[in-house]
Amino acid sequence: MTPAARPSPHAPELREAARRIGRRRFLTVTGAAAALAFAVNLPAAGAAAAAELDPARIPDDPFTLGVASGDPLPGSVLLWTRLAPVPYRPDGGLPARRVTVGWELAHDERFRHVVRRGTVTAHPEFLHTVHVEVAHLAPGRVYHYRFRAGAWTSPAGRTRTAPAAGARAASLTLAAVSCQAYADGYYTAYRHLAQDDVDVVFHLGDYLYEYAVDATGNHRKYTDRTLPAVFDRETVTLEDYRLRYALYKSDPDLMAAHAAHPFVVTWDDHETENNYADDVPENDVPPEEFLLRRAAAYRAYWENQPLRRPQLPHGPDMRLYRRLRWGRLAQFDVLDTRQYRSDQAYGDGAQLPGPLVDDPSRTLTGATQERWLLDGWHASRALWNVVPQQVAFSQRKLDLNPVAKLSMDAWDGYRASRRRILDGAKAAGVDNLMVLTGDVHVGYAFDVKDDFDDPASRTLGTEIVATSITSGRDGAQKPSNWNTYLTANPHLKFYDGRRGYATVTLGREAARADFKTIPYVTAPGAPLSTAASFVTEVGDQGLKPA
């Protein structure tokens, strides 16, 4: 990548740690753990070392960041919360002591029929975040949950289990969301999503942005509060990332969406740093230094998301790609297109394609994840095979020239990698393929073609690109390049530049996608409307207006 003109934002303590730990040693498990402990001042003795705090001594409500659930399985749900009476302080307002937290899961929202309850320890080393994996539940049903710490009870959340493995579920409605820069506006779309009737929400990346947020919340233009100066800097250290999650998760609209629906999350770049690729950062700094930053970002991500134990990072490494199923109706192969990718070609950005984009040695997923995806398709018995991931999958010509520029950060910059995925789908007999995408701050609907340069070629599936929640600020229904993109890309069936989200209902005969938009985010209270709706039929892929 082309180094940015601005000086390196990395903190001096990370540079010092990078000097002390050689690359080869850092990339071992032991070295990575040591580097993380050194960089973020974790106690060497581990989580069990902290003394216990009597929760009765917590004087203020510790559930300021709400509750969440995620990754629904047929007999299990994952519940999350964090204890933070003063969320904008580095310690969250609690001493470095363990806290016992109670939890309850019920059939009803009044908790008259509690089916599971227990306790879990909130460790200070994980900033008093809590991840509870509740097992032995009935498949395919709704549950309500809450937490207790001392005299305090959390807001209640609503979640659900997936249908049984062999169940022929009739339908599933999902929401796809992405890109929620706090500084760009209000999370009004989340307030509408909290009231929408969906089974699960897929967050496709850029949950957090590393950029500074000023005292007025930038484009939120607060007049009723002043944000502390700890947010007015780029995130670099573990403390920085943790505080930024506290800012984002304190938003009441985001809290409402998390409480209403289970989330399945995957990251893109901004949860760590803009447009990084594997161990190659945006700025011209050594990989060792960047990997320290990545370790801090990954740890804070796991701490603050409803993720299960297998996703717990080890230093700068975290296996986020994973597979979820919704009975025999749908298989979801959640990808990570950041952690293992080759560096962007030709300096990143919009470039004319050259030999590198077709170089088979370059990859967006890494070889291991690619094989996992293709093997999973061969074993799939689902009607729909859905791939939630980050960057635009379909070809997207950016101009009308005979050889058009393409985005080097998207799959267009890794055409050989995309070709292997499409060939793998054909070889596995995947008849109903859908790709879910974020990143670009607009809504797109694509037909996924076997040959994107031949409009008459076979349509292998569809791609639904969810616009941003806030990133890019208010946007426009028809951006300045609207005509250009639709003319240059005949497989592009819809393009809208406003904020919002998409919903997709998967059925046994067809899938329906609804693009839901709001007219502005730089002020609160915007109404929601459906900009367009499309269907694609089982066994006859291709988007048609609904």
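Select Asp375 and Arg371, whose side chains meet in a salt bridge at 3.1 Å, N to O; a salt bridge here is a side-chain nitrogen of Lys or Arg within 4 Å of a carboxyl oxygen of Asp or Glu. This is a predicted model, in which local features need pLDDT of at least 70 and side-chain atom pairs count only at pLDDT 80 or more, while totals for chains, interfaces and linings use all residues. Residues are numbered from 1 along each chain as its sequence is written, and side-chain values use heavy atoms, with hydrogens and water left out.

Because Asp375 and Arg371 are 4 residues apart in helix 8, about one helical turn separates them; helices (H or I, at least four residues) and strands (E, at least two) are DSSP runs, numbered from the N terminus. Asp375 is partly exposed, with a relative accessible area of 39%, and Arg371 is partly exposed at 45%, where buried means under 20% relative accessible area, exposed over 50%, and partly exposed in between (1.4 Å probe, protein chains only).

**Second stop: helix 8 against helix 9**

Now select residues 367–379 (helix 8) and 415–427 (helix 9), whose axes come within 9 Å and cross at roughly 15°; the axes are lines fitted to C-alpha atoms, for helices over the stretch in contact, and angles run from 0 to 180 degrees between N-to-C directions. The two helices, helix 8 and helix 9, are therefore roughly parallel to each other, a term used for angles under 35 degrees. To see the contact (heavy atoms within 4.5 Å), show Glu370, Leu373, Leu374, Trp377 and His378 of helix 8 with Ser417, Arg420, Ile421, Gly424, Ala425 and Ala427 of helix 9.

Select Arg418 and Asp412, where the side chains form a salt bridge of 2.8 Å, N to O. Arg418 is buried, with a relative accessible area of 4%, and Asp412 also counts as buried, at 1%.

Move to Glu104 and Arg117, whose side chains meet in a salt bridge of 2.9 Å, N to O. The pair joins distant parts of the chain, with Glu104 in strand 4 (residues 98–106) and Arg117 in strand 5 (residues 114–122), 13 residues apart. Which of the two is buried and which is exposed? Glu104 counts as buried at 8% relative accessibility, whereas Arg117 is exposed at 56%.

Notes
Parallel < 35°, antiparallel > 145°, perpendicular 65-115°, else oblique.
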